[in-house]
Each structure stands twice: as C-alpha cells, then as structure tokens.
Amino acid sequence: MKALPRSFYRRDPRVVAPELLNKIIVAPDGRAGRIVEVEAYCGAEDPAAHTYHGKTVRNATMFGPAGHLYVYLSYGIHLCANTVCGEVGEGYGVLLRAIEPVQRVEAIRDARGHPRQDRELGSGPGRLAQGLGITLELNGADLVTRDRGVWVGDDGTPPPRHPASTPRIGISKATTHLWRWHVPDHRHVSRPPKRFMPD
C-alpha cells in the first residue's frame, strides 16, 4: 500500500472528501483505520471553517501545502485530524470523522479504554484521534512523505459509488451545505442520520 500522492489532496476538499472514503489512515506505530466518514471545509467561503477569518498561529498548517495533517484541540476537550487540501494559502481541508479499525485493533481498543461496543473505537473525530494516538505533535506532518510516520494509503477498496451526503455535524454556521460524506449504512459512522442527497 502506497501513500496517496500530493496531487490527490491538491484539489477542492468537496472533491477530495468523498474520495477519501475507504482509504486507510496509518499512525506512526502501525495502528490503522479505514476512513468511513469525512467533512469538507472551504476556507474563506465557509463560515464554519477554522480558516474563514484568515491565517493564525493555530491554523497555519491549513494554509500550507496540500497533503499535510492539521491537528487541533476542539473545545479544549478532544483532538481532531484533518488533511490539508487545495493550493497553498486557500485554507482548505477535510476533517476525518470516523474510522473502522483494521490494524493493531487491540492497541486502538487500549487507547480508547475498552469501550463496550467496537463502533465506539473510532466513531467521531475525537475517538478517531485518541484511538490512533494522533497528538498535537503530529500537526503539520506530511502525509505524502510520511515524515513523522503518519500517512494515508489506498488498499484497493474504492470509495462508495453513492456515498451518503448530509450537513456537517456540530457547527452553527453554513449548516445547509451537504459537505459531510460517509459510507452508507456503515456501523462505524459517528452518527447514522437520515439520508440527505443533494438536488
């Protein structure tokens, strides 16, 4: 399995996001999960994006080259992992919302404190980061060159032909955009909602 090339990420996040479904994110210690849910964030045109108001110390990674990992602390509680997309300066990215653990599953289970249900191992951005051991130290890591051991690869499983598309979760602005995609009916999705399909 090879890391996705930079050209994969250097596109609009609304194109990248659904194509990330069923790809594999691999952590530095070999823990890995199949990506089953994502959300696109679109910089200055997206009031829900961290980068809507411009570049700061916190979000600087998002304005850098595509194919890097942007990690941030959400509400001071849990970490979230994003792939940087688009061109330098655009502030585009895709939030990784849920995974199905596929490698070193016991290590993921240990990191998550042995939840009662396996679907809780990586269903939600905070659980995903905790399960894979993604920390703020990985902010800015290059997913293409694997410079810090974290990367995203393709094991030959294609994205779903008709991914479920819904509004994003946990935001108060731009709530009508159908910029959340997930593998239909997958049990590891963070919130299996009513289906919303674009017109």
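Buried means under 20% relative accessible area, exposed means over 50%, and partly exposed lies in between, with a 1.4 Å probe and protein chains only. Helices (H or I, at least four residues) and strands (E, at least two) are DSSP runs numbered from the N terminus. This is a predicted model, in which local features need pLDDT of at least 70 and side-chain atom pairs count only at pLDDT 80 or more, while totals for chains, interfaces and linings use all residues. Residues are numbered from 1 along each chain as its sequence is written, and side-chain values use heavy atoms, with hydrogens and water left out.

- Glycine 131, which is found in helix 4, is buried at a relative accessible area of 1%, and its contacts (heavy atoms within 4.5 Å), leaving aside neighbours within four places in sequence, are Arg31, Ile108, Ala111, Arg112 and Leu121.
- Between glycine 131 and arginine 109, 22 residues apart in sequence, the C-alpha to C-alpha separation is 6.9 Å.
- In helix 2, the buried residues are Pro13, Val16, Ala17, Pro18 and Leu20, and their cover includes helix 1, strand 2, strand 4, strand 5, strand 6 and strand 8 (180-182).
- Just after helix 2, asparagine 22 also has a positive phi, of about 75 degrees.

**Nonpolar cores**

- A nonpolar core is a set of buried Ala, Val, Leu, Ile, Met, Phe, Trp, Tyr and Cys residues joined through side-chain atoms within 4.5 Å; the largest has 40 residues, of which Leu20, Val38, Leu69 and Ile134 touch the most other members.
- At least two residues of this core come from each of helix 1 (6-9), helix 2 (13-20), strand 2, strand 3, strand 4, strand 5 and helix 4.
- A second, separate core of 10 residues includes Ala49, Tyr70, Tyr72 and Leu95.
- Beyond four places in sequence, leucine 69 has contacts that include Ala81, Ile134, Leu138, Leu143 and Val150.

**Largest pocket**

- A pocket is an open set of points, on a 1 Å grid over the protein atoms alone, where a 1.4 Å probe fits, with protein on both sides within 12 Å along at least five of seven lines, and lining residues have an atom within 4 Å of a point.
- The largest pocket holds about 640 Å³ of space, and of its 31 lining residues, the closest to its centre are His50, Tyr72, Tyr75, Gly170 and Ile171.

**Two arginines**

- Arginine 34 lies in strand 2 (residues 32-42) and counts as buried at 14% relative accessibility.
- The side chain of arginine 34 makes a polar contact with the side chain of threonine 157 (3.4 Å), a polar contact being a pair of N or O atoms within 3.5 Å where, within protein, one must be able to donate a hydrogen and the other to accept it, and where residues adjacent in sequence count only if both atoms are side-chain atoms.
- Arginine 148, in the loop between helix 4 and strand 6 (151-153), is partly exposed, with a relative accessible area of 35%.

Key. Grid points are joined across faces, edges and corners, and a volume is the space filled by probe spheres set on the points.
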